[in-house]
Amino acid sequence: MINIKKNKNVITISGHANYSNKEDIVCASVSSIMYTSVNALLRFDRDSIDYLDDGNVVTIKVNKDDDITNTLIINMLSLMNELALKYKKHINIEMEEE
C-alpha cells in the first residue's frame, strides 16, 4: 500500500501499491503526480520546497506559504485523494490538521 502523510508542512510518500505485478498503474499515477508537482514547484521557486527521494520514501518539506506553492501542493494532494477514492485498497492518505 502507498502511504501518503501530510503533517503540518511535511508530506511523505512511501510504500508500493501492489496493484499489479506487471504494470502497476497506481504506483505510476502517484509517481507521475508527485514528480510533476515537485518539478513545477522547483521550477517556479527553488526555495519553495526541500525534496528528498531516498528510493523508499519521498519527503517534501514545504518552505513557503504563497499562492503558487499552496496551489500546487493543494492540487497534488487533491489528485492523490481522487486516486485514493478509486484505489482504496492501494493508497492510504493521512492528513493532520494544521
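Residues are numbered from 1 along each chain as its sequence is written, and side-chain values use heavy atoms, with hydrogens and water left out. Because the model is predicted, local features need pLDDT of at least 70 and side-chain atom pairs count only at pLDDT 80 or more, whereas totals for chains, interfaces and linings use all residues.

View 1. Helices (H or I, at least four residues) and strands (E, at least two) are DSSP runs, numbered from the N terminus. Helix α1 covers residues 25–44, and its end C-alpha atoms are 28 Å apart, which agrees with the 28 Å that its 20 residues should span at 1.5 Å a residue; the expected span is 1.5 Å times one less than the number of residues. Its buried residues are V26, C27, V30, I33, M34, S37, V38 and L41, where buried means under 20% relative accessible area, exposed over 50%, and partly exposed in between, with a 1.4 Å probe and protein chains only. Seen down the axis of α1, these buried residues fall within an arc of 140 degrees, so they line one face of the helix; the arc is that of the directions from the helix axis to the C-beta atoms. An α-helix has 3.6 residues a turn, so residues three or four places apart point the same way. On the other side of α1, T36 and R43 are exposed.

**View 2. Helix α2 and its two sides.** Helix α2 has 20 residues and reaches 29 Å from its first C-alpha to its last, close to the 28 Å expected at 1.5 Å a residue. Buried in α2 are T69, L72, I73, M76, L77, M80, L83 and A84. They cover an arc of only 125 degrees around the axis, which puts them on the same side of α2. On the other side, D67, T71, I74, E82, L85 and K86 are exposed. At the start of α2, a side-chain oxygen of D66 reaches to within 3.3 Å of the backbone nitrogen of I68.

**View 3. T69 within helix α2.** T69 lies in helix α2 and is buried, with a relative accessible area of 2%. Not counting residues up to four places away in sequence, T69 touches L41, S48, V62 and K64, a contact being heavy atoms within 4.5 Å.

**View 4. The largest pocket.** About 240 Å³ of space lies in the largest pocket. Of the 15 residues that line this pocket, the closest to its centre are I13, G15, S31, N56 and V58. A pocket is found on a 1 Å grid over the protein atoms alone, as an open set of points where a 1.4 Å probe fits, with protein on both sides within 12 Å along at least five of seven lines, and lining residues have an atom within 4 Å of a point. Helix α1 gives the most to the lining, with five residues.

View 5. Y19 and H90 are 71 residues apart in sequence and 6.7 Å apart in space, C-alpha to C-alpha. Leaving aside neighbours within four places in sequence, Y19 is in contact with D24, I25, V26, Y87 and H90. S20 also lies in the loop between β2 and α1, and a polar atom of its side chain lies 3.4 Å from the backbone nitrogen of E23.

Conventions:
Points joined across faces, edges and corners; volume = space filled by probe spheres on them. Polar contact = N/O pair within 3.5 Å; in protein donor to acceptor, adjacent residues only side chain to side chain.
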